[in-house]
Amino acid sequence: MSLRILVVEDDRDIRALMQASLSVEGFEVQTAVSLSEAQALVQHARPDVVLLDLGLPDGDGLTLVQHIRQRQALPIIVVSARHQEAQKVRLLDAGADDYLTKPFSVGELLARIRVALRHRGTALAAAVTVHELDDLHVDLTTREVRSKGELLHLTPTEFKLLARLVRSAGRVVTHRQLLTDVWGLEFTEHTHYLRLYMGQLRAKIEVDPAEPRHLLTETGVGYRLAVV
Ligand code: CA
C-alpha cells in the first residue's frame, strides 16, 4: 500500500504542483484547502505525513498541530514563506517535525518526507543508539564520538547537544528545544549558550568549522544535523 500524504495548501498552483510531483513518486496524495478540511481528513483519511502551509484562510496551523499531537505521532512538515519565521518556530516548538521554505525543489520536499518517515519508524522500532553520518560516528550508549575513525573528546554538555541533534538527525531542532533539552526549561532564552557550544562542537567535528557540513545553522530557527 502506498504512503498517504495530506497536502494542506490553499494556493491552487502550489497544491497542483505538489500533488503532481508526489504522485509521480508513488505517494497517494490527499489535499485540503483549509484547516477545517485538513482536520476532518486527518481523522477520517488517516494520512502518513501532513504538509501544512502556514497561510491558510480559516486560521492558525497551531490548532491543527496541537490537534494532531494530542492523538498521534503523525509527521507534520510546515511549509512556509520566508517572512513567516516566528509562526514557523511556534509550530515547530508545538510539535511539528520540520519545515520547508518556499520556493523549494521537489528534491528537498522528498528528502524532508523521507527523514520524517524514518523518524516515525525509529520511534516505533527499538531505539537506534549508533549513528553513522558520513565520516561521523556517534554511539549514544557508550558516548563515543569518532570523526574519520578518530576518537573525539567532547565535554558532557557538548555531547548532550550533539546527542540531541543526532536523535533528530536530518530534522531542524529549534533553539528552544535544544536549550530546554540540554540545559533545562529555565534556560530557553539563553541562545548565546547555543552559539558558544555549537562553535566548540564545530571546531571538533567539522573539517572546516566556517563551512560546516554536519552542524547546519537554520537562521532564526535552530540547527540541523545533516544526513548525508
Ligand atoms: Ca497559503
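In which crossing, left-handed or right-handed, does H6 pass H7? Keep that in mind as you look around; the tour comes back to it at the last stop.

Before you start, note that this is a predicted model, in which local features need pLDDT of at least 70 and side-chain atom pairs count only at pLDDT 80 or more, while totals for chains, interfaces and linings use all residues. Residues are numbered from 1 along each chain as its sequence is written, and side-chain values use heavy atoms, with hydrogens and water left out.

**Stop 1: the sheet.** The five make an open sheet with parallel pairing, in the order E2-E1-E3-E4-E5. Its edge strands are E2 (28-32) and E5 (98-101), each pairing on one side only. Two strands pair if DSSP finds at least two bridges between them. Strand E1 (residues 4-8) is joined to E2 by 5 bridges; to see one of the partners, pick Leu6 and then Gln30 in E2.

**Stop 2: the calcium ion.** Now select the ion and show Asp10 (OD), Asp53 (OD) and Gly55 (O), which coordinate it at 2.2 to 2.4 Å. Donors are N, O and S atoms within 2.8 Å of the metal (3.2 Å for Na, K and Ca), and since water is not among the atoms, sites may look incomplete. Asp10 sits in the loop between E1 and H1, and Gly55 in the loop between E3 and helix H3 (61-69), so this pair ties together parts that are 45 residues apart in sequence. Asp10 is partly exposed, at 34% relative accessible area, and Gly55 is partly exposed too, at 33%.

**Stop 3: Glu218.** Jump to strand E11 (residues 215-218), where Glu218 lies. Its relative accessibility is 14%, so Glu218 counts as buried. For all these labels, buried means under 20% relative accessible area, exposed over 50%, and partly exposed in between (1.4 Å probe, protein chains only).

**Stop 4: H6 and H7.** Finally, select helix H6 (residues 156-167) and helix H7 (residues 175-182), whose axes come within 10 Å and cross at roughly 130°. Axes are lines fitted to C-alpha atoms, for helices over the stretch in contact (heavy atoms within 4.5 Å), and angles run from 0 to 180 degrees between N-to-C directions. As for the opening question, H6 passes H7 in a right-handed crossing: the near helix is turned clockwise from the far one by less than a right angle.

Notes
Helices (H or I, at least four residues) and strands (E, at least two) are DSSP runs, numbered from the N terminus.
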